[in-house]
Amino acid sequence: MPKLYSLFILALLLSACQGSKKLPSQTPEKMAFVPSQKGTVWTYRYTFHNQEKEPIEQKLELLQTEQKADGLYLDLNQAKWMLRNDSLFVRCQGRGGGEFLAPLYLPTTDSASYNTCKGDVFMQVAAKRLPPKEILGKRYEDRFSYQIGPYERVEYARGLGVTLHQYFGIGQKLETQMELIDFQLGVGED
């Protein structure tokens, strides 16, 4: 009987070891820095300050993506970007006609500074983290602010994109503001 009892305990232990299941990870999946599904559309309202113009709406649409060795190239109706890891680069045109990449929006844990280009001119960017905020009915934890030179400020949310873009004139007066008013995630491949 003691021999049978020992075999029973051994069989019980073996079945417990084989039956243990790996629990799903409790770490939430990290959102992409920018949505990369074809057909994604961001709708912005442009407000013109210090001018007698009515606000206008404009759409930014992701038309095509292409995976290359150095990153995912994103062609939008008004911009050409490249996504590498958690950084968004802009494709710039040099004065000699060549194309090159410059960092546009980089996530930061605290604050950072780097250079980007606007056309063929390099500009200093001061980046810092912003507190979480609800935007278009969803809470975004990873938000960033980018001061591009003295005349441009951008707010960005991971997984959404640019949520606010302000242009300042002489004397740091707000001239134009672009605010995200609608977002539709595309159904194409990312």
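## Starting at an exposed loop

Let's begin with Asn85, which is exposed, with a relative accessible area of 71%. That figure clears the mark, because exposed means over 50% relative accessible area. Before going further, bear in mind that this is a predicted model. Asn85 sits in the loop between strand E4 (80-84) and E5. Its backbone has something to look at too: phi of Asn85 is near 55°, a positive value in a residue other than glycine. For background, most residues other than glycine have a negative phi.

Leu136 is another residue with a positive phi, about 50° here, and again it is not a glycine. You'll find Leu136 in the loop between strand E9 (133-135) and strand E10 (138-140). Is Leu136 buried, exposed or partly exposed? At 45% relative accessibility, Leu136 counts as partly exposed.

## The chain as a whole

How much of the contact pattern joins residues at least 24 apart? Taking the contacts between residues at least 6 apart in sequence, 36% join residues at least 24 apart.

## The nonpolar core

The largest nonpolar core holds 37 residues. The members that touch the most other members are Trp42, Leu74, Leu88, Tyr105, Tyr146 and Tyr156. As for which element gives the most to this core, that's E1, with four residues.

Setting aside its neighbours within four places in sequence, Leu88 is in contact with Phe33, Val34, Leu74, Trp81, Met82, Leu83, Pro103, Leu104, Tyr105 and Tyr156.

How many disulfides does a search of the whole structure find? It turns up one, joining Cys92 to Cys117 with an S to S distance of 1.4 Å. The pair ties together distant parts of the chain, with Cys92 in strand E5 and Cys117 in strand E7, 25 residues apart. A disulfide, in general, is a covalent bond between the sulfur atoms of two cysteines.

The link of Cys92 and Cys117 is left-handed, with -50° about the S-S bond. Both ends are tucked away from the surface: Cys92 counts as buried at 3% relative accessibility, and Cys117 is buried as well, with a relative accessible area of 3%. The cut-off that matters here is 20%, because buried means under 20% relative accessible area.

Asn115 is partly exposed, with a relative accessible area of 40%. Leaving out residues up to four places away in sequence, Asn115 touches Pro103, Phe122, Met123 and Gln124. Asn115 and Ala102 are 13 residues apart in sequence, and their C-alpha atoms are 7.5 Å apart in space.

Val125 lies in strand E8 (residues 121-130) and counts as buried, at 0% relative accessibility. Once residues up to four places away in sequence are left out, Val125 touches Ala112, Ser113, Tyr114, Thr116, Tyr146, Gln147 and Ile148. Take Tyr146 from that list: the C-alpha atoms of Val125 and Tyr146 are separated by 6.3 Å, while the two residues are 21 apart along the chain.

About 470 Å³ of space lies in the largest pocket. It is lined by 22 residues, and the closest to its centre are Gln78, Ala79, Trp81, Lys118 and His165. Strands E1 (41-48), E2 (56-68), E5 (87-93), E6 (99-105), E7 (111-118) and E13 (161-168) are the elements that give two or more residues to this lining. Which element gives the most? That's E5, with four residues. Sorted by class, the lining of the largest pocket has 13 nonpolar, five polar and four charged residues.

The second largest pocket has a volume of about 200 Å³. Its lining has 12 residues, and Met31, Pro35, Gln37, Gly159 and Leu185 lie nearest the centre. By class, the lining of the second largest pocket divides into seven nonpolar, three polar and two charged residues.

Notes:
Residues numbered from 1 in each chain as written. Predicted model: local features only at pLDDT ≥ 70, side-chain atom pairs only at ≥ 80, totals over all residues. Heavy atoms only, no water. 1 Å grid on protein atoms, 1.4 Å probe; cavity = no way out; pocket = protein on both sides within 12 Å on 5 of 7 lines; lining within 4 Å. Points joined across faces, edges and corners; volume = space filled by probe spheres on them. Nonpolar A, V, L, I, M, F, W, Y, C, P; charged D, E, K, R; others polar. Core = buried A, V, L, I, M, F, W, Y, C linked by side-chain atoms within 4.5 Å. Buried < 20%, exposed > 50% of the residue type's maximum accessible area, 1.4 Å probe, protein only. Contact = heavy atoms within 4.5 Å. Disulfide = S-S within 2.5 Å.
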